[in-house]
Amino acid sequence: MVVVGAGMAGVQTAVALREQGFSGQLLLLGAEPHQPYDRPPLSKAYLLGNAEGSAFEVDFEALGVELRLGVEVTGLRPGDHEVDTEAGPVPYDVLVVATGAVPLELPGAEGVHGVHLLRTLDDAERLRPVLAGKHDVVVVGAGWIGAEFATAAREAGCAVTVVEAAARPLAGALPAEAAEPMAAWYEESGAQLLLHARVERVDPGQVVLADGRVLPAGAVVVGIGARPATGWLRGSGVALGPDGAVVADDHLRTSVPDVYAVGDCASFPSARYGTRLHVHHWDNALQGPRTVAAAVLGAEPRPYDPVPYFWSEQFGRFVQYAGHHASADEAVWRGDPADPAWALVWLRDGALVAVLAVGRPRDLAQGRRLIEAGTPVDPALVADPDVPLKSAVRA
C-alpha cells in the first residue's frame, strides 16, 4: 500500500487501513519535510504564537507505517504499478492519492518580496514575524482563509485592508443572502474591506488597485482559492475534472485500477444532492479514508455520500456550515443576521439540505442530523429561533 500525501486525508487513510485489518506494508509519502500535521491551527493559534505546532498524535512506528518525508511525487505509471518521485520510482500494489490542494498565486505577484500564501507550516512560520511586527497588511481575497488571517492580524494589532473583487465576502462559497451580512464584521473588527476592488499589481511595500488607489503593505497575503494538487497525474490515465480534481466514484475509486483518491484532490458523486461534489474541507479528509480503507480491503462499504461540513473562526464568531445549498428551493432565516447569533436554513421540497449557523452550534448539530435523515420540516417552526430545529419536524 502506498499513500501519496501526508496531510489529514493521507494520515487518516493509513490509520483506517490498520484499524480495518490491513496487515501488509504501508508507505506514506509526504512532500513536506515536517512530521505530518493538521492545517486548521495555521491560520489561527499558530500564527499568533499561541501554539508551537499541530503534529498529528499518531504513532506511525507502532502502526507499522513507513514515513518518507520531503519526497515530491512527479508522475504515475499505472501499467508498471509505479509512482515516480524525485528520489526514484516507488512500486505499489494499491495506491491512494491524497495530495490535497495548493493555493492559487496572484498573477504578477509571484516572487515579489513580502507576498505570502498560507497553506503550509512554512508559510505560517514566515507570517508569524509579520504579525509580531504589527505590519500594515493587505489581504487579497475575502474567502475563508482571508477572513481567518485578517482576524488573526487584527488580534495581533496589525492594520488590515482586505481587497475583494466580488460584491461581497465569501462570494464563491455562499449565496448573497448569507454572505452580505458578514461584510459588517470586517469594519467591526477594525479591518477595512474593499469590495469590487481588483489588484493591478503588487510592488514591494504597496498594492496598486485597478482604479489607481495605492495601499501601503508591509506584507501581502493572498487567499484567492486553491486547486487540486494533481498536476503529476496528467497523462497517467487517471480521469481529472475541469477543475483538476480526480474524478472518483462513490467508493472513491479512480478510473485506473488499484488507484483511489480522497480529500481535497478528489470529487465524488452525491446521490443525496444529485450532483458531483468537490469538498475542500477538513471533515471530508477525515471521513473519506474510512470508505477508501473498506473498499481496498474488499468490504462492501456504503457509497460515500456525506453531508459536507466545515467551520471557521472569524472576527469573534464561530461559523459552521453543513450540507449543500445549491439545490435548495427555499431559504429560511432563524434570527436577525445583525445579531451576534443567527442561522440560515435551506430547504428542498420541505426538507433541510443545508444550514449555516453563526454562534448557534445546536442548530448546526440538529440541522445536520435532519439533513442526513431527509426529514420534512415545518418552515414556520424553522423560522422561529426559539424552537429547536429537531422540534420543527412536520407532524
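Apart from neighbours within four places in sequence, L356 is in contact (heavy atoms within 4.5 Å) with L174, A178, M182, V319, Q320, Y321, W342, A343, L344 and W346. The model is predicted, and local features need pLDDT of at least 70, side-chain atom pairs count only at pLDDT 80 or more, and totals for chains, interfaces and linings use all residues. Residues are numbered from 1 along each chain as its sequence is written, and side-chain values use heavy atoms, with hydrogens and water left out.

L356 is also listed, with L131, F149 and L174, as having the most contacts inside the largest nonpolar core, which has 94 residues. A nonpolar core is a set of buried (under 20% relative accessible area, 1.4 Å probe, protein chains only) Ala, Val, Leu, Ile, Met, Phe, Trp, Tyr and Cys residues joined through side-chain atoms within 4.5 Å. A second, separate core of 20 residues includes V90, V246, A261 and A266.

Strand β5 (residues 82-85) has V83 and T85 on its covered face and E82 and D84 on the uncovered one. Strands are DSSP runs of E of at least two residues, and helices are runs of H or I of at least four, numbered from the N terminus. Strand β4 (residues 73-77) runs antiparallel to β5 and is joined to β5 by 4 bridges; two strands pair if DSSP finds at least two bridges between them. R77 stands opposite E82. The β4-β5 hairpin has 4 residues between its strands, and H81 in the turn has a positive phi of about 55°. A further hairpin connects β5 to β6 through 2 residues.

Methods: Buried means under 20% relative accessible area, exposed over 50%, partly exposed in between (1.4 Å probe, protein chains only).
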